[in-house]
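Hi,

Here is the structure I promised to pass on. Have a look, and my notes follow below.

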Amino acid sequence: MRLLPPAEFLPGEPVTNAEMESRFGLHEKWLSMMTGNRTRHFCSAEPAAGQASSTRELATQAGRRALAAAGAEPADIEFVILTTASPDHLMPATVNLVVDDLGIDGVTTMQITSGCAGAIQGLFAAHALLASGLRRGLVIGADSCLKVFPSADRIKSMRPAELINFALFGDGAGAVVVDDDHTGPGYLVEHIFTRCIGAGRQPAQLIRYYGSEGCPTVDGPHGPTPAEPWGQEDYKAIEQHVPELAATILDELSRATGTRLTDVEHVLVPQLNGAVTERIRQRLGVAPERAVSCVAETGNNGNALPFIQLSRTANRIGDGIGVGGRIFVANVESSKWLVGGLALRHVPEAA
């Protein structure tokens, strides 16, 4: 499988920590210390001209950019895969609305509901579809979290453990056209895998269907209160296990390609938040100039993040950094402990 130039889409202007404090009541210094994130992007709360306000619109924008980057027309696409943790509806599947918006029809569509592992899962499924005889497809990762943000009044009553669920995230999308032609320029897949290794482990992340404002309530001493939080995270488990799992992923990619990690030009480490991602990079021994990280600027975009990392990697290569080199992608989802790895080799344009 060959990946053509990837694309990304981030809605609106970057939202700083100071703006998060004035907008949601999340303290600027607390955000900087706990997450290491400096900015993030959010969809418009209401539909507006030129502003994305849904996962559908994020995915459509990223898909259009990926088609343009690949020099592909809608008629060239034989399948579309969307990975997301935040579909706009249970039905119709958001992928089918995106396909319609892109002017694509009569093709195979799939929607994978997943968290951080979704991008690799989508590419793994694309690899299988190409092996089945299809020739070219579009894979998109998109998430919109603003729809489940609590009100400023609700935030005031939330514990730090609850607040962190909202402090990490941002909205965004990324996409890439894939095909079965290995002869042209692009990014050749040398190894790809995805596995659930959560047997016997407690989930480290749980996100319920309803947003924080829509969850069931129970009567308490101060009136109705939420019966349970919208989301829960075990950060101690995440901080302990994600670096360990990232190391095993990169080790497998090294063995599969016969390339030492120190010789890989671009290493895309798991993107949790700016602070944890930097600790993971240091623990893995990846030199700063070889690591591709974006979460401190984009927020945690879930399914979009690996595609955005790949887009930033393509920009580095376009600037002459690591041309013709290898790319390792390590992807960990802590919800029920999924791992994914991707090894790519950049093939430059012929001289």
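Five bridges join strand β5 (residues 79–84) to strand β7 (residues 136–143), and the two run parallel; strands here are DSSP runs of E with at least two residues, helices are H or I runs of at least four, both numbered from the N terminus, and two strands pair if DSSP finds at least two bridges between them. Phe-79 has Gly-137 as its bridge partner in β7.

This is a predicted model, with pLDDT of at least 70 needed for local features and 80 or more for side-chain atom pairs, while totals for chains, interfaces and linings use all residues. Residues count from 1 along each chain as its sequence is written, and side-chain values use heavy atoms, leaving out hydrogens and water.

Back to β5: six of its six residues are buried (under 20% relative accessible area, 1.4 Å probe, protein chains only; exposed is over 50%, partly exposed in between). Phe-79, Ile-81 and Thr-83 cover one side, with Val-80, Leu-82 and Thr-84 on the other. β5 also runs parallel to β6 (residues 108–113) over six bridges, with Phe-79 opposite Thr-108.

Then there's β16 (residues 338–347), with nine of its 10 residues buried. It pairs antiparallel with β9 (residues 186–196) through 10 bridges and with β15 (residues 326–333) through eight. Val-339 in β16 faces Arg-195 and is also the bridge partner of Val-332. Four residues separate β15 and β16 in a hairpin, where Trp-337 in the turn has a positive phi of about 65°.

Cheers
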